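Hi there,

Here is the structure I promised to pass on to you. Have a look at it first, and then read my notes below.

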Amino acid sequence: MRGSMTSEDDRQLVRRIQAGDRAAFEALLDRYEARVYRLALRFTDSVSDAEDVTQEIFLGIYKGLANFRGNAAPGTWIYRVAMNHCLEFRRKRKLDSVPYEEELMIPSRDWREDPEESASKGELADRIEAALQCLSPQHRDVIILHELQGLTYQEVAAALNVPVGTVKSRLSNAFRRLRDLLGGYVTEGTNPI
Amino acid sequence: MSKPYPPTPPPGALPESARADIKAWLDGELSPLRRLYVGWRISQDPALRAERDELARLGGEMKKLNHPTPRPELRARILANLPPAPPTPLPPARRVLHPSQLALSGSLACALLVALLLGAQSGWWQTPAASPLQGHEHRFAPGLYAGTRSHSTNPSSDTNSTFSHDSTSFTPHAPFHDPTGTSEEADRIAAQRLNEWQTQRQQELARQKKAQRLLAEAKKAQAERLRPVEATLTVADVAATQVELTTLTTRLSGRVLAATSQPPDVPEGSASVASTDVSAPVIMPAAATETTVAFEVPVTQADALRHKLRALGALPVVAKAPVRQSAVASALPADSGDANRTETNQRTGAGHITRENAGDLHPARMRTMTDTADTALVRFTVHLRPTVSHTSSK
């Protein structure tokens with residue numbers, strides 16, 4: 001997914017939309033609907049809320065295109081709009097008040113002690129999802145945008161309106177935190193370089 | 001002993017900033033040089049390799065997370081709720097001026113408006129009308145008729161073309177405003193202003209003449225005071241008189257330049273004895289009949305020596321040619337003290353520059369003259385002749 005955002009195609013779509021071409025907006029919707037929906041689902045943890053937020057995001061994009069001057073790539077701008085809606089939703093839900101430092105249901109023992117119990121891939125995915133919920137909002141946001149949405153560091157920085165160095169440090173710290181939370185799930189041997 | 005190349009870094013010595021780069025190294029977000037460095041450190045350190053593998057595996061597992069897809073109804077729902085109007089871009093926004101720019105523009109506009117109003121009030125754009133006072137007076141008053149209307153007596157004449165004035169003394173009047181708009185009133189005001197200007201000019205000329213006269217008098221008086229004095233005294237005791245004059249000269253901050261004595265048989269003009277030691281009294285030869293002593297005193301103290309000479313019974317004879325200050329100074333001995341020249345006991349009197357008339361002179365010229373008067377030296381040449389005794393020898 002990374003690097004799939006073709007800015008030039010997006011710019012052409014934007015120009016067509018601004019010219020009144022409704023089909024161009026449908027093409028833009030097809031290109032970004034799934035990504036925006038998954039982003040919204042990460043912030044809402046509810047399908048219905050994610051759909052509402054996704055609808056609001058695309059309505060905002062459609063209206064905001066009137067003021068879009070093309071200084072940034074359309075994909076980056078779309079993610080910026082989407083992040084603003086998602087953060088607004090989080091603020092309203094006051095999800096930030098949840099003590100994310102608490103260990104929810106992360107097992108502390110090494111999975112290699114009982115490989116049969118952890119044979120299922122779904123179990124590891126569930127544990128990673130649970131660990132993601134334990135991260136701070138800032139760390140979780142960069143992991144969602146970079147690891148799950150496939151944005152580059154530059155695009156994440158633009159979407160969050162922070163420097164690229166901040167994205168890099170937050171991502172590194174978030175991964176270390178995840179590694180500590182997951183314990184032995186990610187310490188299975190080392191591979192030579 | 002050669003060091004191994006490449007050098008082996010100490011284990012675990014990767015700084016925290018470099019450890020943070022492991023994730024960026026995995027994501028390919030480092031610069032080429034930084035990527036080489038971090039990769040080399042990872043290859044040299046097993047702990048870093050283990051951390052790299054953990055992060056890489058964690059990232060791989062996250063890629064495998066479930067990626068839900070939206071329901072098809074969402075797309076239709078979004079499209080159905082779109083506003084009918086297309087998002088047409090707004091025309092380019094007008095440039096918003098900074099408050100300081102707005103203030104500056106407003107000030108300039110106000111200034112221009114005021115200038116236009118004042119110009120309209122004074123009629124500056126109109127051709128100046130001719131003076132109703134036919135003659136030469138209006139040549140000295142530019143702009144005097146600037147406010148008069150074009151229906152004056154001689155609208156074809158151009159006052160500016162004939163204008164000539166003394167730029168050093170002329171004070172132009174501001175164009176007046178014609179309150180009535182009639183030609184008679186304008187002429188009356190013009191004549192009044194012309195009279196005022198002529199009076200002012202006459203006063204200025206009189207002041208200049210007075211200043212020139214005072215300057216000439218001051219120069220003359222100064223030259224008079226600087227003229228060398230030559231006197232002849234017939235005294236009974238030449239030596240005592242010489243000592244008395246020498247003492248007075250020293251007290252007046254002056255100096256004895258030379259003293260000569262002439263024997264009776266020696267023709268005049270060939271001095272036989274000369275002494276330049278001004279501190280020691282002159283030893284007169286027994287056979288001397290006339291002694292000539294030269295003094296120099298500051299011009300501010302010269303009158304005292306003149307009075308003394310008159311008191312001794314001789315009328316000083318002023319030399320015809322004045323001696324310039326530089327010539328007098330060059331006649332002084334090399335060890336002549338400058339302290340004697342700094343006397344500022346300026347005397348006042350007729351022909352002197354005083355506080356009262358100093359205001360009519362140029363300050364720089366005044367300062368030069370007073371400085372010269374204070375530091376100049378006056379030369380006195382005194383011929384001392386013994387009294388001739390007509391008593392018969394016993």
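This is a predicted model: local features need pLDDT of at least 70, side-chain atom pairs count only at pLDDT 80 or more; totals for chains, interfaces and linings use all residues.

The accessible surface of chain A is about 9,000 Å², and carbon and sulfur atoms account for 48% of that.

Next, the inside. The largest nonpolar core holds 72 residues, and the ones that touch the most other members are Leu39(A), Ile61(A), Leu132(A), Ile143(A) and Leu145(A). Helix α2 of chain A, residues 22–44, gives the most to this core, namely eleven residues. A second, separate core has 24 residues, including Val229(B), Ala231(B), Val293(B) and Leu384(B).

Leaving aside residues up to four places away in sequence, Leu132(A) touches Arg42(A), Arg140(A), Ile143(A), Leu148(A) and Leu178(A), and from chain B it touches Met62(B) and Leu65(B).

That brings us to the place where the chains meet. How many residues of each chain are in contact with the other? On the chain B side there are 48, and on the chain A side 56. The size of an interface is often given as the accessible area lost when the parts come together. For chain B and chain A, the buried area is about 4,800 Å², with 60% of it from carbon and sulfur atoms. Within chain B, Arg57(B), Met62(B) and Pro87(B) lose the most area to chain A, together 14% of what that side buries.

Eleven salt bridges are found across the interface of chain B and chain A. One to look up is Asp30(A) with Arg75(B), where the closest N and O atoms are 2.5 Å apart.

Finally, which helices of chain B each supply at least two residues of the side that touches chain A? They are α1 (16–27), α2 (32–44), α3 (46–63) and α4 (72–80). The largest share of that side comes from α3(B), with 13 residues.

Enjoy exploring!

Best wishes

Key:
Residues are numbered from 1 along each chain as its sequence is written. Chains are lettered from A and ligands numbered from 1 in the order in which they are written. Side-chain values use heavy atoms; hydrogens and water are left out. Accessible areas come from the Shrake-Rupley method with a 1.4 Å probe; for residues, only the protein chains shown count as cover. A nonpolar core is a set of buried Ala, Val, Leu, Ile, Met, Phe, Trp, Tyr and Cys residues joined through side-chain atoms within 4.5 Å. Buried means under 20% relative accessible area, exposed over 50%, partly exposed in between (1.4 Å probe, protein chains only). Helices (H or I, at least four residues) and strands (E, at least two) are DSSP runs, numbered from the N terminus. Contact means heavy atoms within 4.5 Å. Buried area is the accessible area (1.4 Å probe) that two parts lose on being put together, summed over both. A salt bridge is a side-chain nitrogen of Lys or Arg within 4 Å of a carboxyl oxygen of Asp or Glu.
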